[in-house]
Amino acid sequence: MQLMIRQNDLNSIIKAAKRNGAEICGFLFGMREGHTFRVGGVRFVTNRLDSPREFEMEPLEMAEAIGEAERRGLEVVGIFHSHLKCPPRPSERDLEGMEVWPVVWLIVDGKGRYRAYVLKNGKIEEIKVGIRKF
Ligand SMILES: [Zn+2]
């Protein structure tokens, strides 16, 4: 399995992670094609906890974002957020989130590192992140 994302989409997430004192979060819209999750758009959602250690997406914005994806004929292929105090690996809390939202979880850190994960049979598995050329 792999996540394919455009460089500028990835950069916009990393840039936001670097300039925010709190974790940033949002959705990756796109299409699943076999083992590839192709990201066609990024949608930031407010972290209502406004915390450097955890995030929770603002529910109304979440609903709006999902509606927007559907109108564009896309689906939610992933959720992204940033880690400011620890490496880009899912926390215990993230694991709980992954059970509720079984999509790709992209985590970036303030140093520009990024990793993607899926939950497979209840276990966290890292997947490859590739850059889309077009
Ligand atoms: Zn996290």
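The following conversation explains how several descriptions of this predicted protein model are reached.

Visitor: What makes up the secondary structure of the protein?

Guide: Helices (H or I, at least four residues) and strands (E, at least two) are DSSP runs, numbered from the N terminus. By that definition the protein has 3 helices and 7 strands. Their order from the N terminus is β-α-β-β-α-β-α-β-β-β.

Visitor: Why is the protein called as compact as a globular protein of its length?

Guide: The radius of gyration is taken over C-alpha atoms, and the globule rule is 2.2 Å times the number of residues to the power 0.38. For 134 residues the rule gives 14 Å, and the protein has 13 Å, which is close to it; the protein is therefore as compact as a globular protein of that length. Along the principal axes, its C-alpha atoms fill a box of roughly 35 × 30 × 30 Å.

Visitor: Why is aspartate 109 called buried?

Guide: Buried means under 20% relative accessible area, exposed over 50%, and partly exposed in between (1.4 Å probe, protein chains only). Aspartate 109 has 3% relative accessibility, so this residue counts as buried. Aspartate 109 belongs to strand E5. Across the protein, 46% of the 134 residues count as buried.

Visitor: Which residues is aspartate 109 in contact with, leaving aside neighbours within four places in sequence?

Guide: Contact means heavy atoms within 4.5 Å. On that basis, aspartate 109 is in contact with Ala17, His83, Cys86 and Pro88. The C-alpha atoms of aspartate 109 and glutamate 23 are separated by 9.2 Å, although these residues are 86 residues apart along the chain.

Visitor: What makes a group of residues a nonpolar core?

Guide: A nonpolar core is a set of buried Ala, Val, Leu, Ile, Met, Phe, Trp, Tyr and Cys residues joined through side-chain atoms within 4.5 Å. The largest such core has 20 residues, of which Leu3, Ile5, Ile13, Leu28, Val104, Leu106 and Ala116 touch the most other members. Among the elements that each supply at least two residues of this core are helix H1 (7–19), strand E1 (2–6) and strand E5 (104–109). H1 gives the largest share, 5 residues. A second, separate core of 17 residues includes Met57, Ala69, Leu74 and Ile79. In soluble globular proteins, nonpolar side chains tend to be buried together.

Visitor: How do you know that the buried residues of H3 are on the same side?

Guide: In helix H3 (residues 92–100), the buried residues are Asp94, Leu95, Gly97 and Met98. They cover an arc of only 160 degrees around the axis, and are therefore on the same side of H3. The arc is that of the directions from the helix axis to the C-beta atoms. On the face turned away from the buried side are the exposed residues Glu92, Glu96, Glu99 and Val100. The cover over the buried residues of H3 includes E4, E5, E6 and E7.

Visitor: How do you know that E1 and E7 pair?

Guide: Two strands pair if DSSP finds at least two bridges between them. E1 and E7 have 5 bridges, in the parallel sense, and glutamine 2 stands opposite lysine 128 in E7. E1 is also joined to E3, in parallel, by 3 bridges; here glutamine 2 stands opposite threonine 36. E6 and E7 run antiparallel and are joined by 5 bridges, with isoleucine 127 in E7 as the bridge partner of alanine 116.

How values were computed. Residues numbered from 1 in each chain as written. Predicted model: local features only at pLDDT ≥ 70, side-chain atom pairs only at ≥ 80, totals over all residues. Heavy atoms only, no water.
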